[in-house]
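Work through the exercises below with the sequence and the model in view. Try each task before reading its solution.

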Amino acid sequence: MNYILKIDCFDEKGLILRVSEIVFKNGLNYVSTSEFVDHENERFYMRAVMVGDINVSEFKNTLSAFLPRDAGIFCEEIRKKDIIVLATKENHCLGDLLIKHSSKELNANILGVVANHDTLKPLVEKFDIPFTLISAENLSREEHELAVLNELKKYKFDYMVLAKYMRILSPNFVANYPKKIINIHHSFLPAFIGANPYKQAHERGVKIIGATAHFVTNDLDEGPIITQDVVRVNHEMGWKDMQKAGRNVEKTVLSNALDLVFDERVFVHGNKTVIF
């Protein structure tokens, strides 16, 4: 069996040797290893792919006894993640995920899509994935979130992906899924807020359009960044051309971020990430 091991702890001498000795004594063999030391914060990070056969719980307990007390240890057999997607009306990010899921390019199983409008229902049902409409009409934010949370309780999932879900999540909602909600947004925030940011950007004459994928925290669009990218635009492009370019970069950035997260290449420390 193949396993992924991730370690995040206070840095001290001999950590790699200690880990490697335990890996060897448990009959495991490294397939690949990566290490990084954040000297500014005195943090040690390690990601390894191992092959063998172990009792994961016992292996983690042994590691814990030989590592600093604050060590975060993740060890799991390599598998596809289970995810829930939240959406509203825009189809570019969701459509890209559905196609990758259908062609088995996505290292995850989409268990269902939950949306606050039924616009995307026909698209989702073409891929034989459950679609649930939870309209926010005539509901307070708290009432709508409670309805969404009750729906999510029906599923056992690893991550929630916001595929252009156009509602702000409350701290109470986020607290239910710490470091488990992934969002994508364009790079115009906070310069161009509100309706049609691409038209605003076109009128301002921006030259670069970008997108950011990040974990969701209580600070709106300011959670730990997973990945980003940009495309250049020019005066020959209308705002609709810029919107098309922006949507393309959004779906690419989200897809790349999910690949990193699902492959267990991301460490979160405070409001920053370390990515292997």
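**Exercise 1: Salt bridges**

The count comes to 13 salt bridges, a salt bridge being a side-chain nitrogen of Lys or Arg within 4 Å of a carboxyl oxygen of Asp or Glu. This is a predicted model, in which local features need pLDDT of at least 70 and side-chain atom pairs count only at pLDDT 80 or more, while totals for chains, interfaces and linings use all residues. Residues are numbered from 1 along each chain as its sequence is written, and side-chain values use heavy atoms, leaving out hydrogens and water.

Task: find the partner of Lys-81 and state where both residues sit.

Solution.
- Step 1. Lys-81 forms a salt bridge with Glu-264, and their closest N and O atoms are 2.8 Å apart.
- Step 2. Lys-81 belongs to strand β5 (residues 81–87), whereas Glu-264 lies in the loop between α8 and β12 (266–269); the pair links distant parts of the chain, 183 residues apart. Helices (H or I, at least four residues) and strands (E, at least two) are DSSP runs, numbered from the N terminus.
- Step 3. Lys-81 is buried at a relative accessible area of 3%, and Glu-264 is buried at 6%. Buried means under 20% relative accessible area, exposed over 50%, and partly exposed in between (1.4 Å probe, protein chains only).

Task: describe the salt bridges of Asp-96 and Lys-164.

Solution.
- Step 1. Asp-96 pairs with Lys-100, with the closest N and O atoms 2.9 Å apart. Because the two residues are four apart in helix α3 (residues 92–102), about one helical turn separates Asp-96 and Lys-100. Both are buried.
- Step 2. Lys-164 pairs with Glu-250 at 3.2 Å between the closest N and O atoms. Lys-164 is in the loop between β8 (159–163) and α6 (171–175), and Glu-250 is in helix α8, 86 residues apart.
- Step 3. Lys-164 has 6% relative accessibility and counts as buried; Glu-250, at 1%, is buried too.
- Step 4. Shared partners join Lys-6, Glu-76, Arg-79, Lys-81, Asp-158 and Glu-264 into one salt-bridge network.

**Exercise 2: The nonpolar cores**

Task: which residues of the largest nonpolar core touch the most other members?

Solution.
- Step 1. A nonpolar core is a set of buried Ala, Val, Leu, Ile, Met, Phe, Trp, Tyr and Cys residues joined through side-chain atoms within 4.5 Å.
- Step 2. The largest core has 44 residues, and Ile-83, Val-85, Leu-94, Ile-110 and Val-113 touch the most other members. Helix α8 (residues 239–262) gives the most to this core, ten residues.
- Step 3. A second, separate core of 19 residues includes Leu-5, Leu-15, Met-46 and Ile-54.

**Exercise 3: The second largest pocket**

Task: what lines the second largest pocket?

Solution.
- Step 1. On a 1 Å grid over the protein atoms alone, a pocket is an open set of points where a 1.4 Å probe fits, with protein on both sides within 12 Å along at least five of seven lines; lining residues have an atom within 4 Å of a point.
- Step 2. The lining has 18 residues, with Lys-6, Lys-179, Glu-264, Val-266 and Val-268 nearest the centre of the pocket.
- Step 3. β1 (2–10), β4 (72–77) and β12 each give two or more residues to the lining, and β4 gives the largest share, four residues.
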